[in-house]
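Dear colleague,

Please find the structure below, handed over for your use.

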Amino acid sequence: MKTGNLNHNTLHVKTAERQRVVVLLSDQGGQKKGMMKSLYQSNSNIRSIMDRGEEIFQGVRGYSLLSMMFEDDESLHLIENAQAAVFLSSSAIYFDLKQRGLDPDYYIGHGVGEYTALYCNGILNFDDAFCLILNRSDLMKTVSNEVNGSMVKVDKNNGETRELIIESCIDDIYIACKNSENQTIVSGQKSDMDRFLNFLELKESSCSILPTSGAFHTLFCDSAAKGLESYIEDLNFIDKDCSCIISNITGEAYPNDINAVKRLLTNQVISPIEFIKSVEGVYKSGKTHFVEIGPGKILINLLKQINIVNYKAFASADPEQGENESYRTLLKHLESIGKIFKQTISVTQPIKNIRAKGKEYSEKTFDAQSMNRFSFYPGNILIPGVAVGLPGTGKKVFASSNFETIIAGTNMIEPLSFREKKKMADKNVIRLLKEPDGNARFVEITSTEDVIQLAGQLGYFDLNDDYGIKYKYDLAMSLAIGAGIEALKDANIPLVLQYRKTSTGGKIPDGYVLPKEMQGSTGIILSSVFSNSETIIDEITKYFCHKFYIKPYEEFEKVYYHLMEIVKNQEVKQQITSWFFKIREKRKEFKSYKFDRNFILNFCPLGAAHFAQLIKAKGPNLNVNGACASTTEAIAVGEDWIRNGRCDRVIIIGGETPTSPAHNQWIGTSFLAFGAGSVKKTVAEAAKPFDENRNGTILGSGAVSIILEKESCVKLRGLNGQAQLMGTHLANSAFHALNIDVSHLANEMKIFLAKIEKMYTLEKDDYTSRLLLMSHETYTPAKGGSADAEVLALKTSFPENYDKVVISNTKGFTGHTLGAGIEDAVLIKSMQKGQAPPIANLTHIPEDFKGLNLNKNPHGDYEYGFHMAAGFGSHLAFVFFKRIYEKSIETNPEYKKWLQQITGSMNPSLTLIDNKLCAMAGNGVE
């Protein structure tokens, strides 16, 4: 085995036998779209360096470097940008590793990477090193403009390549990089390199041209070397041991002579890179760990073709593995060999930002007086009650057994009628068909066989019949109101009779509302995507049917009788008769049209206000539409309201009817068109969360309500609540209207869970075995969908414990209820009951998912609950709960005392009036 002629006596060797770490620093070529975006978002150390680099770059160039790195910008590949991007990436990662205690044995930089090593080893400060890179790239750009050069990768070693150059008889082409035993870079003027390419093709030698326009690392770059020499001369090099840096030119350690180092750096741009010699010189079998710091793993791949064996190699930011995942893998390995400190805080823990220029900002500690001054509530927020309305045409939407039904995993998805499918087929749909391999094509829909076949459809529900509310709201609003009434019942918060003064000064009963003590401190949030669109669809349908279908009936009738007289063909007569009587039947449905004077009240999304009026909730009032993340977003907003003293409790209500006759022809067809809706005909084939054969989501209609309340208010009633709201988190990926930014979601989940762990002193090794994840999984086609996102996020947040977390799912039984997401409510009840919904129709688990705990046993000790919601428009929302066991109201003296207070009666009683829980005054009214 070759060892090269490296002088080990001059190397920065710590001990003879211990494990050694060699840092490989990337050259340009590793830059790509989205580089460093994930690490920038998740790691404050990395972000601080990159922000400082952006500041310098904008000051010099006048435009943004980070924008080019994070977005799809071809300008990133220009010399002046590529070198800066690679240097900044490597420097930022190294800075974080340095903070963790990394002290490498050697640095081997390739091209730009050798200059990065000056910063990493502390010979240059960051600002000077970055400015040096900018100057170097400017000089090399100038050379490429002056000398029309190119570079070719030859898949042979240095000796074989040299023989080919000699045999070609082409002057002025040179070996520029000795990368491996199977890769050598040749550089020269383009005309000569084109001739060399033709020669290599004749010799059937494997080769490829590199995307550069310069004859770099040859004498053609002499003017750049002279310019660099002048610039470097004035740089402030810090006097310290630099023998751990390996020179590109010599393949040996730097001499401890700053002037000699400057000469090596100057000559590097005109000399071949001795990468093979550099690697072999620092290698010791079984003791060497190579770490590539920078974008990609180009240098690590070269190691496989160099004469070394029995070594370890890790990439810090491998885009194939995922930047965060590869970085975690690297950290874990460095910890295992004792090269960095074991972290006691999260990677994403905010620390000093370098842009603050040495000034640190710490959070202020607010005392009780300050909190009182700003009306801030630091206590626990509890969940006293929840409710869900479920689909199923043969049942009541608000059946008393709803939670038992969904937790048991009962299917509520049913076939659509032919009429509903015909409405979709008639829309002239061009469907985006997503293949399992991630490819897609457009398909024209011409038959009901090719449209959505299944849905979670509403059963029986009537706001007047069920709850005695006569006003006709939009159906989605009505469902939300029903859910709110059910949640108050579940929380044992009764409504009390109010009285209205008459003109004569007397009092008459005026309905049941919240206790007076609660009215001013209760806020309402409506969670829905399509909370009012059914109203406008119905109104427009009635209007145009009357105007263009019913009103001309008399003329149609004359035409009909005339045709019956003159048409002789019986088949034609039957067709005309069928058409005529169809119109006649429609007259019964749309006999006359009058504009609904309440149209604006239902068309305007006032669901929260309508419910507030019904129960006299006079606190803040808001509608939330974060698409499919709406309900969880509403919980976060409600938490903020309570924390900021806006109210004592928040009632979240949500209703959604995407599968109603009015909606499905539009909403269902939309899901069909962009390829998100399943067209399978059986539930077992279509409703497949986490399954390898997932092929599209199924829509479902439903309702939800969740009540948040200060702990002190719940305790005032003598109750404990059902769960504690431990925290929420909101974000937006600013990514895509329909797709999930998988890496951003994973980063945000990690940030949120780290915050929860810190706030409540939770250890992953302890609580994950008692954690239930109620998944958002919509079983849309495989790549980049909800399942992929959740699995990556779970593995990112719990790299060593994700297999302990039980995963549950509701959409496989109900369909996707969009903005009225039932998951949070079902999660709370699952924690209470120690049983969670299984995963529906799971028959083929993908290879990547086989380590997950996909609810094989629905029973468990679920002390903690977690839910992530993602919605169209890049919405992200997270919530974390802790289980509390509720007290009974039976024989509960504190609860009875509270009832006495709100009814003004010594002997109050609870009763159901129109399915509303009401507190009645008994004998002995005060």
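**A buried serine**

Ser830 counts as buried because its relative accessibility is 0%; buried means under 20% relative accessible area, exposed over 50%, and partly exposed in between, with a 1.4 Å probe and protein chains only. This is a predicted model, in which local features need pLDDT of at least 70 and side-chain atom pairs count only at pLDDT 80 or more, while totals for chains, interfaces and linings use all residues. Residues are numbered from 1 along each chain as its sequence is written, and side-chain values use heavy atoms, with hydrogens and water left out.

Ser830 belongs to helix H33, residues 823–833. Helices (H or I, at least four residues) and strands (E, at least two) are DSSP runs numbered from the N terminus. Leaving out residues up to four places away in sequence, Ser830 touches Ile407, Leu772, Met774, Gln835, Ala836, Pro837 and Tyr862, where contact means heavy atoms within 4.5 Å.

**Helix packing**

Helix H4 (residues 79–99) packs against helix H13 (residues 323–336) at an angle of about 35 degrees, and their axes are 12 Å apart. Axes are lines fitted to C-alpha atoms, for helices over the stretch in contact, and angles run from 0 to 180 degrees between N-to-C directions. On the H4 side, Ile93, Asp96 and Leu97 meet Tyr327, Leu330, Leu331 and Leu334 of H13. The residues of this contact divide into six nonpolar, no polar and one charged; Ala, Val, Leu, Ile, Met, Phe, Trp, Tyr, Cys and Pro count as nonpolar, Asp, Glu, Lys and Arg as charged, and the others, Gly among them, as polar.

Helix H10 (residues 258–268) is largely enclosed by the rest of the structure, because eight of its 11 residues are buried. Those buried residues are Ile258, Ala260, Val261, Lys262, Leu264, Leu265, Thr266 and Gln268. They pack against helix H5 (112–120), helix H6 (126–146) and helix H9 (222–233). The N-terminal end of H10 is capped by Asp257, which has a side-chain oxygen 3.1 Å from the backbone nitrogen of Asn259.

**A glutamate in H29**

Glu757 is placed in helix H29, residues 742–760, and counts as buried at 12% relative accessibility. The side chains of Glu757 and Tyr767 are joined by a polar contact of 2.7 Å. A polar contact is a pair of N or O atoms within 3.5 Å; within protein, one must be able to donate a hydrogen and the other to accept it, and residues adjacent in sequence count only if both atoms are side-chain atoms. Apart from neighbours within four places in sequence, Glu757 is in contact with Leu762, Lys764, Tyr767 and Phe798.

**Cysteines**

The disulfide count comes to zero, a disulfide being a pair of cysteine sulfur atoms within 2.5 Å. For Cys242, which is in no disulfide, the nearest cysteine sulfur is that of Cys244, 7.6 Å away. Cys242 is buried at 1% relative accessibility, and Cys244 is buried with a relative accessible area of 2%.

**Positive phi values**

Lys616 is not a glycine, yet has a positive phi of about 65 degrees. Lys616 sits in the loop between helix H24 (607–615) and strand E18 (621–624) and is partly exposed, with a relative accessible area of 30%. Phe690, also a residue other than glycine, has a positive phi near 65 degrees. Phe690 is found in the loop between helix H27 (683–686) and strand E20 (702–710), and counts as buried at 1% relative accessibility.

With kind regards
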